[in-house]
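User: I would like to go through the labels on this model and see what stands behind each one. Please show the structure.

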Amino acid sequence: MKIEKILKTYIPMTETAFYILLSLTIPRHGYGIIKHVEELTKGRLVLGSGTIYGTLTKMQRDEIITVYADEKRKTIYEITDVGKELMRHEVNRLKELHASALMYEGEFK
């Protein structure tokens with residue numbers, strides 16, 4: 001799938017997709033992703049197995065991640081170059097949102 005179509009499909013990114021890809025800065029298995037997201041969000045976001053594996057399947061289909069088995073036959077997920085480009089776009093979008101929020105936060109007190 002071309003990057004333009006990936007960007008149109010995934011941006012703005014769901015919180016689940018964002019944290020899954022953020023967790024794949026190193027290759028991880030599904031349970032490792034769930035625990036890492038829980039740790040990153042201090043327990044605020046606990047991903048269910050149905051949610052995570054459904055999202056991972058879609059990401060694999062769209063070539064945002066790759067999948068392989070390690071020596072223990074565990075399924076490992078790894079972000080691709082396309083996935084990294086997608087994350088760069090999303091992080092830039094979030095930086096713009098954050099800067100705008102800081103600029104106007106006083107207006108809502």
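Analyst: The questions below set values against definitions.

Analyst: This is a predicted model, where local features need pLDDT of at least 70, side-chain atom pairs count only at pLDDT 80 or more, and totals for chains, interfaces and linings use all residues. Residues are numbered from 1 along each chain as its sequence is written, and side-chain values use heavy atoms, with hydrogens and water left out.

User: How do you know what the confidence of the chain is?

Analyst: From pLDDT, the predictor's confidence in each residue, from 0 to 100. The chain has a mean pLDDT of 96, and 100% of its residues reach 70 or more. Strand β2 (residues 65–69) is lowest, at a mean of 95, and α5 is highest, at 98. Helices (H or I, at least four residues) and strands (E, at least two) are DSSP runs, numbered from the N terminus.

User: What makes K35 and E38 a salt bridge?

Analyst: The rule asks for a side-chain nitrogen of Lys or Arg within 4 Å of a carboxyl oxygen of Asp or Glu. The closest N and O atoms of K35 and E38 are 3.5 Å apart, so the pair meets the rule. Both residues lie in helix α3 (residues 30–40), three residues apart, about one turn of the helix. In general, side chains of opposite charge can pair when their charged atoms come close.

User: Why is K35 called partly exposed?

Analyst: Buried means under 20% relative accessible area, exposed over 50%, and partly exposed in between (1.4 Å probe, protein chains only). K35 has 35%, so it is partly exposed. E38, at 24%, is partly exposed too.

User: How many salt bridges does a search of the whole structure find?

Analyst: Four. R61 and D62 form one of them, with the closest N and O atoms 3.3 Å apart. E90 and R93 form another, at 2.9 Å. E90 and R93 both sit in helix α5, three residues apart, about one turn of the helix.

User: Are R61 and D62 buried or exposed?

Analyst: R61 is at 59%, so it counts as exposed. D62 has 2%, so it is buried.

User: And what about E90 and R93: buried or partly exposed?

Analyst: E90 is at 2% and therefore buried. R93 is at 26% and therefore partly exposed.

User: What makes K58 lie over the face of Y10?

Analyst: NZ of Lys or CZ of Arg must be within 6 Å of the ring centre and within 35 degrees of the ring normal. K58 lies over the face of Y10 at 4.9 Å from the ring centre.

User: What makes M103, Y104 and F108 a nonpolar patch?

Analyst: Patch residues have over 30% relative accessible area and no salt bridge; like charges are joined within 9 Å, nonpolar side chains (Val, Leu, Ile, Met, Phe, Trp, Tyr) within 5 Å. Y104 is at 49%, so it counts as partly exposed. Y104 belongs to helix α5 (residues 81–104). Together M103, Y104 and F108 have about 440 Å² of accessible area (Shrake-Rupley method, 1.4 Å probe; for residues, only the protein chains shown count as cover).
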